[in-house]
Amino acid sequence: MTGQIILQLIVSGLALGFIYALVAIEYTLIFNSTGLLNFSHDKFIMFGAYIFAAQFLLNMGVSPAIGIIATLATMFIFGVLVATGIFNPLRNMASPLFAVIGTVFLGRILTEITRLIWGATPFTVPGFLKGVVRIGNVVITKANITVIIVSAIIVVLLQIFFNKTKTGKAMRCVQQNKTAATLMGINVAKNINFTIALSAVICAAIGIMVIPLFTVDLTIANMIGLKGFAAGVVGGFGYLPGAIVGGIAIGILENLSTLVIPTLYKDCIAFVLLIAILLIKPSGLLGHKK
Amino acid sequence: MKKKRIVAVILSLTMMLSGAMATGVYADELDGEIKIGLSCAITGNFPLAGQRTKEGVDLALEEINANGGVLGKKLVYTVEDDQNTQTTAVNVVTKILNEDVCAVIGPHTSGNAAATSELYKNAQIPFLTGGSSPKLAEMDNPYFFRIRPSDTINGQVAAKYAVETLEAKKIGISYNNNDFGTGGRDVVIEALEEAGIDYVAVGHNAGDKDLTGQIMQLMSENVDCIISWTDDAEVVLTARQLYELGMDVPVIASAGIVMDQVLNLLEPEYVEGWYAVTDFVSTNDDEVVKGFVDNFNDKYGYNPELYASSYYSATYVLADAIERAGSTDPEAIREALTKTSELKLPEGLYTCDESGDMVHGCVVAEIKDKVPTMIDYVTVE
Amino acid sequence: MRKSLKGAGILLLLVILVVVPIVDKNTYHHIVLCQTLVNIVVVTGLNFITGLTGQMNMGTAGIMAMGAYSAALCSTKFNFPIIVGFIVAILMGLIVGKGLGYPSLRLKGVYLSLTTIGFSEITRLVLTNWVDLTGGTMGVQNIPWINLFGNKLDTSFKIYYFYLVIAILVTIASYRIIHSKWGRVFKAIKDNVEAVDASGVDIAKMKILAFTLATVLGCFGGAMYAHMMGYINPTTFTQDLSANYLAMMMIGGIGTVGGSVLGAIVITILPEVLRFMENYYWLVFSTIALLFAIFLPNGIVSLFTGNKLLKRFGRTEKSFKGEE
């Protein structure tokens with residue numbers, strides 16, 4: 001019995017950990033290219049989920065496959081727009097504070113827009129990615145399996161993109177030295193727009209995949225948004241494979257913690273881990289040096 | 001440089017202008033009206049409750065005014081958004097209290113009702129809230145009236161049902177760690193200890209997205225019945241994960257589960273055979289409830305749920321009290337509210353007791369194929 | 001010329017702050033003004049660490065919660081006089097300041113902001129779950145009114161003038177500090193930490209000092225909040241609150257006392273003023289705040305002074321990512 005419980009806790013933790021990991025990847029992308037933390041990233045995820053579920057599926061009645069493509073495309077355009085209108089001006093400000101406040105208020109604006117357009121009633125998409133897979137006595141949802149596969153694909157694609165394509169290489173160059181990049185003839189602003197659009201697309205993908213797990217409401221991503229920040233640091237800040245390791249570590253540890261501490265303190269684990277890592281080993285679990 | 005200045009000037013102009021416009025609104029005073037206040041969460045983390053509350057009150061006011069109003073005058077309200085946060089609730093309640101209202105409905109949650117209780121006491125204006133925490137009745141505020149069953153009632157009924165009807169030997173209590181969940185948990189625990197039944201209480205925080213740890217704990221304790229005291233989003237999660245993790249024991253859930261907006265989030269098999277202790281079921285075939293459900297459906301196109309029903313009823317309770325008081329003097333209305341007796345409304349039978357509680361019974365419902373059906377109405381003294 | 005204008009502006013603001021509650025008897029306006037004063041105290045503190053020294057502190061909610069609960073529990077649970085509660089809140093500020101200050105020696109930029117977020121979240125979770133001490137989710141009720149030389153401050157009108165005095169004292173003190181050697185070192189730490197190091201100033205000591213100033217005022221503001229509200233619960237002290245304080249500091253004007261005061265006034269009062277827009281007021285408020293961040297980076301205070309404290313463009317990469 002106990003063995004089975006531990007196994008189930010690990011599997012469920014792993015599943016949730018991959019969601020944290022994707023969140024960490026999504027904000028790390030923006031951080032690497034602009035040096036900004038996107039404090040509205042949880043609202044991006046929420047926005048993506050609403051565009052897919054409320055707009056395309058329920059209002060317009062398109063099939064999920066088309067809905068997903070349309071949502072990702074919409075979020076790409078949305079990403080370019082906010083990058084041009086908000087992130088690029090904020091990036092050049094004298095203090096990072098402006099970017100923090102700017103993105104916080106962008107998040108609040110997104111929440112209000114969503115509430116005014118699609119209403120405050122929580123909803124779900126019946127039948128979408130519902131159901132579980134049983135391996136022996138251990139249970140995992142189909143949605144979680146999808147998350148794991150998609151995150152693996154995203155990480156591989158990103159690695160290929162950054163190392164093999166011209167745009168990707170240019171993006172890395174921009175990350176390292178903006179002045180040099182400009183001298184090399186790289187359009188930094190355009191490059192950053194692309195990165196942010198990419199991040200918005202990943203946010204939308206997260207939003208779509210968590211619909212069967214969480215209820216679609218205005219606070220759908222609040223908790224994973226905060227813990228995703230922790231995941232990115234725990235694995236190794238600014239390093240994409242580290243995000244995966246950090247996410248999984250937090251997911252599994254917080255679930256296993258329920259065996260020894262009251263369940264109510266489970267949510268502290270991510271933040272305790274965050275502070276401990278920052279103080280003891282700031283380079284993260286993987287110890288990656290930039 | 002110049003451009004920046006211009007934008008700055010425009011910004012400050014907008015602010016001044018909006019300030020000027022805001023002061024204009026206060027001048028709106030009309031004769032032949034009786035004004036009440038309404039504080040509910042229109043924005044913030046729980047906007048749906050506020051929306052439904054407002055819909056319920058709107059419908060009640062429409063009906064009341066169509067039937068000749070109160071004391072021959074039109075009953076109107078001034079509504080403010082409390083964002084479901086303490087600071088804002090205190091602000092808007094003070095704002096409402098400054099607008100010549102004779103009574104106020106809201107704020108809704110127990111925490112915010114507690115935060116604003118003192119304001120009402122000082123202003124000597126009665127308020128009607130749906131905050132269900134048993135602790136509210138202990139505040140000893142003569143201006144406090146509760147228009148929903150307190151969790152003392154729901155909790156006792158749930159515990160009694162689990163022990164007597166379901167014959168549970170060991171009960172798992174899954175509660176949300178907020179004012180609502182812990183209040184309910186305490187009542188259930190007290191009732192179970194009285195009955196000498198074994199229990200284990202496992203909590204989660206509001207906004208949690210995974211309850212595997214909690215459910216595994218209940219499983220390893222071999223409970224044979226679960227009482228779930230939690231909010232809308234969390235009860236959905238509880239239902240899904242209990243089903244997925246294959247925990248097949250009877251579940252008695254707190255009020256929210258019977259609402260369409262919650263049931264719509266679930267697959268039927270998640271909650272098949274669940275019981276609920278609740279204040280309002282829209283499938284109730286009681287005539288008063290039926291009439292309300294039909295009218296609500298005509299106006300908004302969907303069924304009412306417990307927020308709408310609570311605050312619809314609250315408006316009627318208040319109208320009734322003002323009518324009996326024969327004046328809009330808040331003290332007279334308070335007197336009249338304490339004498340409310342046997343008033344039949346969709347939310348239940350309203351009789352005020354000495355602590356301000358007005359509803360003393362609740363519905364036990366069973367959910368079959370996502371439709372909650374009333375199986376019993378239990379009154380608790 | 002400019003100096004006398006500035007003096008006139010401050011005098012005008014003071015006269016407005018003193019006269020308005022006497023002329024305007026609306027208690028709703030009084031309570032919003034009281035909150036404004038509490039916010040002025042907290043933002044003035046935050047300005048030391050984030051505005052001047054440039055260390056990203058996003059845990060103001062947690063700091064305030066520590067102060068509010070210290071004061072509230074002292075006077076309700078342990079029945080100490082209220083003044084003791086305020087002193088305990090200040091001591092709590094000193095402890096938290098040291099506790100948060102030390103990580104800031106090792107961590108910079110976003111690392112520090114994430115640490116302070118973590119601190120704030122843990123504080124909130126502990127306050128929610130340590131029911132025996134904090135009353136859990138039902139919070140602390142019946143926090144007594146402040147008793148000042150036998151006068152019970154039992155209306156927001158009376159509290160207002162007491163808090164106004166506190167806020168003025170805090171503002172003057174903070175003005176003096178900013179224009180002292182400390183203030184210059186704080187600014188230097190933000191602009192050029194190597195130069196400060198080379199000149200033999202103990203950076204660690206100064207950073208902890210700046211943090212402590214922020215946490216003491218934050219905790220003190222929390223205590224003021226608790227005694228004004230008479231009731232506190234953990235749901236008040238969320239990330240949203242921390243962000244609001246940063247917004248006040250930024251929208252007023254980073255690094256200046258005047259900016260902190262104006263920012264607190266605008267961000268506290270503006271949403272209340274916009275309420276007539278009903279369903280849209282929060283959207284409009286958020287949009288105005290975002291536009292401020294993009295188009296008025298030197299804050300409202302720059303409209304009056306034309307002071308170019310911050311250059312809008314040309315920050316270095318280094319100051320941002322916190323790498324050295």
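**Ground rules**

I number residues from 1 along each chain as its sequence is written, and chains are lettered from A, with ligands numbered from 1, in the order in which they are written. Because the model is predicted, local features need pLDDT of at least 70 and side-chain atom pairs count only at pLDDT 80 or more, while totals for chains, interfaces and linings use all residues.

**Entry 1: confidence in chain B**

I looked up pLDDT, the predictor's confidence in each residue, from 0 to 100. Chain B has a mean pLDDT of 87, and 92% of its residues reach 70 or more. Helix α1 (residues 2-26) of chain B has the lowest confidence in the chain, at a mean of 45. Strand β3 (residues 104-105) of chain B has the highest, at 96. I took helices (H or I, at least four residues) and strands (E, at least two) as DSSP runs, numbered from the N terminus.

Over residues 1-5 of chain B the pLDDT is below 50, and this stretch has one contact beyond near neighbours in sequence. Two residues are in contact if their C-beta atoms, placed from the backbone, lie within 7 Å. Residues 11-30 of chain B also stay under 50, and the model has 14 contacts for them beyond four places in sequence. Where pLDDT is low, the predicted coordinates should not be read in detail.

**Entry 2: the build of chain B**

I found twelve helices and 14 strands in chain B. Its radius of gyration (taken over C-alpha atoms) is 22 Å, close to the 21 Å that the globule rule gives for 381 residues, so chain B is as compact as a globular protein of that length. The globule rule is 2.2 Å times the number of residues to the power 0.38. The C-alpha trace of chain B spans about 65 × 65 × 40 Å along its principal axes.

Buried residues make up 58% of the 381 in chain B. A residue is buried if 20 or more other C-beta atoms, placed from the backbone, lie within 10 Å of its own.

**Entry 3: domains of chain B**

The domain assignment, whose bounds come from an automatic or database source, gives domain 1 (33-149 + 286-350) and domain 2 (152-278 + 364-379) of chain B. Their centres, taken over C-alpha atoms, are 28 Å apart. The contact takes 13 residues from domain 1 of chain B and twelve residues from domain 2 of chain B.

**Entry 4: chain B against chain A**

I counted 29 residues from chain B and 31 residues from chain A in this contact. On the chain B side, α7(B) gives the most, with six residues. That side has eight nonpolar, 16 polar and five charged residues. Here Ala, Val, Leu, Ile, Met, Phe, Trp, Tyr, Cys and Pro count as nonpolar, Asp, Glu, Lys and Arg as charged, and the others, Gly among them, as polar.

**Entry 5: chain A against chain C**

This contact takes 37 residues from chain A and 37 residues from chain C. α4(A) gives the most to the chain A side, with 14 residues. The chain A side divides into 30 nonpolar, four polar and three charged residues.

I then looked at Ile101(A). Leaving aside neighbours within four places in sequence, Ile101(A) is in contact with Ala243(C), Leu246(C), Ala247(C), Met250(C) and Ala293(C).

Technical notes: A residue is buried if 20 or more other C-beta atoms lie within 10 Å of its own, exposed if 12 or fewer, and partly exposed in between; C-beta atoms are placed from the backbone.
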